[in-house]
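The sequence and structure come first, followed by the points grouped by topic.

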Amino acid sequence: MPSDHTNQNPYYITTPIYYVNDRPHIGHCYTTLIADVAARAQRLVGRDTFFLTGTDEHAEKVSKTALENGKTPYEWATINAERFKDAFAFMDFSNDDFVRTTEERHISRASAYIKKLMDQGDIELGDYEGWYDPSQEEYLTETVAKENNYKSPVTGRDLEKRVEQNYFFRLDKYEGWLREQIESGTIRVLPEARKNEVLGRLKTGLNKVPVSRKIKDGDPDWGIKMPGDDSHRIYVWIEALCNYLTTVDTDGRRAYWNGEVVHLMAKDILWFHAVIWPAMLHALGEKVPDTVYAHAYWISEGTKMSKSLGNFIEIDQLRAYAERYSLDAVRWFLTTQGPLGANDADFAHARFIEVYNADLANSIGNSMSRVGNMIDKYFNGEITRTCNGEFGFEGGKALQLAIQALNDAGKSPDDPSRTFDFPKTTQAAVDSALQALAKLDLEEMLDSGRSIVRFVDDFISYSAPFTLAKRVGELEHADKALATILYSCAEALRIASLLLYPAMPAKMAQLWRDWNCNHLRDPGDHNSPFLTPLSELATWTGEHSMSVGQRVSKGEVMFMRADANEPTPGSEPA
Ligand code: ME8
């Protein structure tokens with residue numbers, strides 16, 4: 001069942017498992033970040049969520065680079081798997097597990113799936129001749145090889161003609177079934193452009209796919225043997241795909257596979273996830289993934305990132321950005337400016353500064369500190385009133401008094417009859433965030449949070465509480481009106497902070513500490529679970545709202561403004 005935003009099934013989200021021939025870079029962090037943001041949002045909604053990432057270790061390129069580095073394949077895989085784990089801890093990812101395909105739990109279950117497919121005739125022995133891309137470890141069809149001049153479409157390196165006796169998976173049997181699954185949306189392939197691409201390629205027909213490699217003399221002892229045939233190994237892609245199931249194929253975790261399953265990746269490996277893997281699962285009698293989401297690529301300062309150009313944005317550079325601007329600023333930039341849709345996205349320093357200033361320093365951070373500062377200054381850091389959204393209280397209307405104060409000061413808002421419906425606006429933002437989350441449109445989800453911030457900013461400009469504050473003591477009820485206005489701003493920003501939290505967990509947790517919103521979750525641990533689901537947490541003047549007597553402290557500046565001419569972090573000479 002594709003998710004709607006009321007879906008309460010367990011939620012299972014995965015990233016590709018990454019090759020450990022080399023260290024992680026921005027691309028690996030990006031997909032895992034997207035999964036983290038979605039997982040955090042689903043947990044906030046109250047869904048039982050499992051988020052998996054990990055490493056794909058049995059590739060030939062792993063044993064090759066290990067040799068070049070004087071290590072055994074396993075030693076080299078371990079060095080790099082640790083680098084991935086470190087990078088993901090630094091990025092504050094909340095993955096529930098990290099699978100390595102060299103682990104016994106993976107090897108034994110993946111072997112059992114392959115054996116089952118062999119036993120039932122879905123995998124059979126045959127001869128294979130084809131164009132092999134050694135840089136990607138995959139065979140290409142004649143058409144694709146020809147289109148690319150017999151070079152790798154990914155790395156541009158020469159393809160090799162290889163003839164092998166192999167085991168084959170009968171993918172051809174599942175062509176009609178796959179088309180139906182994808183067309184009907186039972187397997188939801190996103191974004192839409194990618195779905196059309198897959199359907200287009202399906203029309204050209206499906207062949208059997210090789211799922212093993214014959215072991216040659218001198219081959220390193222690396223990879224899982226074909227069950228019952230020691231002369232072959234399982235093709236690394238085939239066992240790697242199995243990780244999504246092997247990791248949750250336990251009594252305690254099976255519910256995740258039977259819930260909503262979402263696979264995230266970049267477009268390079270969509271075919272494996274949208275076609276080969278679902279067909280394998282179907283043959284195994286397993287449920288197929290609900291969503292297969294393939295985003296586009298990060299490029300760097302306008303240029304495709306590649307090993308040969310040496311222009312990958314490395315983790316060290318992200319660390320340097322995080323040190324300068326905070327980790328959550330990096331998470332925000334990557335999530336909102338990344339290649340989530342069908343188009344590639346550019347990591348450019350100037351753009352980073354622009355987004356940082358516009359979204360964080362001047363908008364979210366500014367709005368939150370402004371409101372905190374006013375409560376601190378005018379009410380000694382204490383919430384003294386609540387507001388049901390009507391701006392009404394005995395003896396007058398807050399907004400009318402604010403306008404009167406403005407008029408008295410010789411100013412007036414553009415449209416004195418304007419209304420500001422806080423409960424409706426915040427509720428609409430929460431609803432649209434949930435709808436966006438269901439289709440994995442995380443940029444839109446976060447923008448719903450920002451829309452509340454914009455609304456508050458607009459309201460502050462309109463109602464000018466600083467002008468009203470000057471009249472406290474002389475204009476009757478000015479103090480109550482001011483408290484009502486500031487309460488409304490604070491409560492709206494509290495709701496906004498919930499929607500912004502999946503991308504900026506540490507900064508929003510800081511706000512909740514500063515504002516004593518301890519009832520949301522364990523204030524000391526920003527990765528602790530929420531006490532109740534978002535629907536309750538985000539209710540205007542509900543049980544979890546800002547309340548009379550609550551202390552609001554100014555706190556530190558959340559995001560300092562950045563100078564557009566600052567050098568690129570990580571680029572300065574040491
Ligand atoms: O393909 N922009 O592993 P891999 C955005 N082991 N994302 C990028 C990116 C970029 N420039 N470069 C890489 C493999 N990625 C297999 C997967 S899954 C069963 C096996 C991300 O280390 C993106 O998620 O080459 C892409 O799909 C993945 O890294 C490829 O990682």
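This is a predicted model: local features need pLDDT of at least 70, side-chain atom pairs count only at pLDDT 80 or more; totals for chains, interfaces and linings use all residues.

In what order do the strands of the open sheet of 3 strands lie? The order is S15-S14-S16, and the pairing is mixed.

**The open sheet**
- Strands S15 (303-304) and S16 (345-347) form the edges, each pairing on one side only.
- Strand S14 (residues 298-300) is joined to S15 by 2 bridges, and these two strands run antiparallel.
- Within this pair, Ser300 stands opposite Thr303 of S15.
- In general, strands of a sheet pair through backbone hydrogen bonds, in either a parallel or an antiparallel manner.

**The shell around the ligand**
- The ligand is surrounded by 23 residues, of which Ile17, Thr31, Asp56, Ala266 and Trp298 are the closest.
- By type, the shell holds 15 nonpolar, 6 polar and 2 charged residues.
- Four elements each supply at least two residues of this shell: strand S1 (11-19), helix H1 (26-45), helix H8 (236-241) and strand S12 (260-266).
- S1 gives the most, with 4 residues.

**Polar contacts and cover of the ligand**
- Asp56 places a polar side-chain atom 2.8 Å from a nitrogen atom of the ligand.
- Gly27 has a backbone N or O atom 3.5 Å from a nitrogen atom of the ligand.
- For Tyr19, a backbone N or O atom lies 3.0 Å from an oxygen atom of the ligand.
- The ligand taken alone exposes 670 Å², and the protein buries 91% of that area.

**Helix H13 and Val330**
- Helix H13 spans residues 327-337 and is mostly covered, with 10 of its 11 residues buried.
- The buried residues of H13 are Leu327, Asp328, Ala329, Val330, Arg331, Trp332, Phe333, Leu334, Thr335 and Thr336.
- An α-helix has 3.6 residues a turn, so residues three or four places apart point the same way.
- Beyond its neighbours within four places in sequence, Val330 is in contact with Leu318, Tyr321, Ala322 and Phe352.
- Val330 and Ala145 are 185 residues apart along the chain, and their C-alpha atoms are separated by 38 Å.

How values were computed
Residues are numbered from 1 along each chain as its sequence is written. Side-chain values use heavy atoms; hydrogens and water are left out. A residue is near a molecule or strand if one of its heavy atoms lies within 4 Å of it. A polar contact is a pair of N or O atoms within 3.5 Å; within protein, one must be able to donate a hydrogen and the other to accept it, and residues adjacent in sequence count only if both atoms are side-chain atoms. Accessible areas come from the Shrake-Rupley method with a 1.4 Å probe; for residues, only the protein chains shown count as cover. Ala, Val, Leu, Ile, Met, Phe, Trp, Tyr, Cys and Pro count as nonpolar, Asp, Glu, Lys and Arg as charged, and the others, Gly among them, as polar. Buried means under 20% relative accessible area, exposed over 50%, partly exposed in between (1.4 Å probe, protein chains only). Contact means heavy atoms within 4.5 Å. Two strands pair if DSSP finds at least two bridges between them.
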